Amino acid sequence: MNASYQQLLVHLDATGRSRTRLDVARALAQQHGAALTALYAATPSYVAMPYPGGVASDFAVRIQAIDDERRGRARAIFDAAARQGEPLAAWSEVDEPPVIGAFAQQALFADLLVLGQHEPSGAESDEVPADFAEAVIATSGKPGLIIPYTGTFDRIGETVVIAWNASREAARAVAAALPLLQRARSVHILSWAAPDATVQGARLDLNSYLRQHGVRAQWHSDASEPPELADLLLSRAFDLQADLLVMGCYGHSRAREWVLGGTSRTVLRTMTLPVLMAH
């Protein structure tokens, strides 16, 4: 019996890419019979453009108008998708800082998050923190499907590449991706894992784990990890015509800081296909 997602949470902002993320989330919700919530989360304009209280009431009104206009654009994207019919989504919003913490709190109750890749020169540069996606994944502990800031993605999960290095993060990503892996036409595992510890008797491994869940995968193994792993991962995914990359999100989280490892950072910066990440 195939696994499925029961609750999806998609991030909306005022940019046009919100529609792409919402379309992806609606397609997944329909495929899995899942409930879908769209959460508008944006940093208020006064955070980026502070003003002295009490002496700039007109400025405060203009700042509030900017935020209202942004929220209105996001709501228009949501309403346009709703008019297409099932599956319906629930609308929610948060506009008090810090938006990462507020979104991560709601993420605790979702099976999968649908997030967006940060666009360095995008219109959302002041609206959404640059590290929003990875920080939400790290803070909530929930897996995130990150959608690139360019391109269309009508099909996700037909050809899947798993980046495997026998780590906790990679294992969590594979487990989170099972509902997609079970429905995939082909699954490829790119492995640069170190030799496993010697185990006497019955031994567990990724191949047997996937088979137990009805997933057949083709292995592509190398003896050692290359120095430019992220570039090689994305190149191999392209060669295999993959429409989804599954990998661990590696880094260290602190109270107000998220520090990415080199591979995760490069993938998040240069990805051209959706990436399902877990920390």
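How exposed is Ala-166, in terms of relative accessible area? Ala-166 is partly exposed, with a relative accessible area of 42% (buried is under 20%, exposed over 50% and partly exposed in between, with a 1.4 Å probe and protein chains only). The model is predicted, so that local features need pLDDT of at least 70 and side-chain atom pairs count only at pLDDT 80 or more, while totals for chains, interfaces and linings use all residues. Residues are numbered from 1 along each chain as its sequence is written, and side-chain values use heavy atoms, without hydrogens and water.

Most residues other than glycine have a negative phi, and most peptide bonds are trans. Ala-166, although not a glycine, has a positive phi of about 55°. Ala-166 sits in the loop between strand S6 (159–164) and helix H6 (168–181); helices (H or I, at least four residues) and strands (E, at least two) are DSSP runs numbered from the N terminus. Gln-241, also not a glycine, has a positive phi of about 55° and belongs to the loop between helix H8 (229–239) and strand S9 (244–248). Gln-241 counts as exposed, at 67% relative accessibility. A cis peptide bond, with omega near -5°, runs from Glu-86 to Pro-87, and Pro-87 lies in the loop between H3 and strand S3 (90–94).

Pro-87 also lines the largest cavity, together with Leu-22, Arg-26, Phe-78, Ala-81, Ala-82, Leu-88 and Ala-89. Helix H1 (17–32) and H3 are the elements that give two or more residues to this lining, and H3 gives the most, with three. A cavity is a set of points on a 1 Å grid over the protein atoms alone where a 1.4 Å probe fits but cannot get out, a pocket is an open set with protein on both sides within 12 Å along at least five of seven lines, and lining residues have an atom within 4 Å of a point. The largest cavity has a volume of about 40 Å³, and the second largest pocket one of about 320 Å³, a volume being the space filled by probe spheres set on the points, which are joined across faces, edges and corners. Of the 17 residues lining this pocket, Ala-27, Phe-153, Asp-154, Arg-155 and Ile-156 lie nearest its centre. H1 gives the most to the pocket lining, with six residues.

Arg-70, in helix H3 (residues 57–82), touches residues including Tyr-40, Asp-126 and Glu-127, not counting those up to four places away in sequence (contact: heavy atoms within 4.5 Å).
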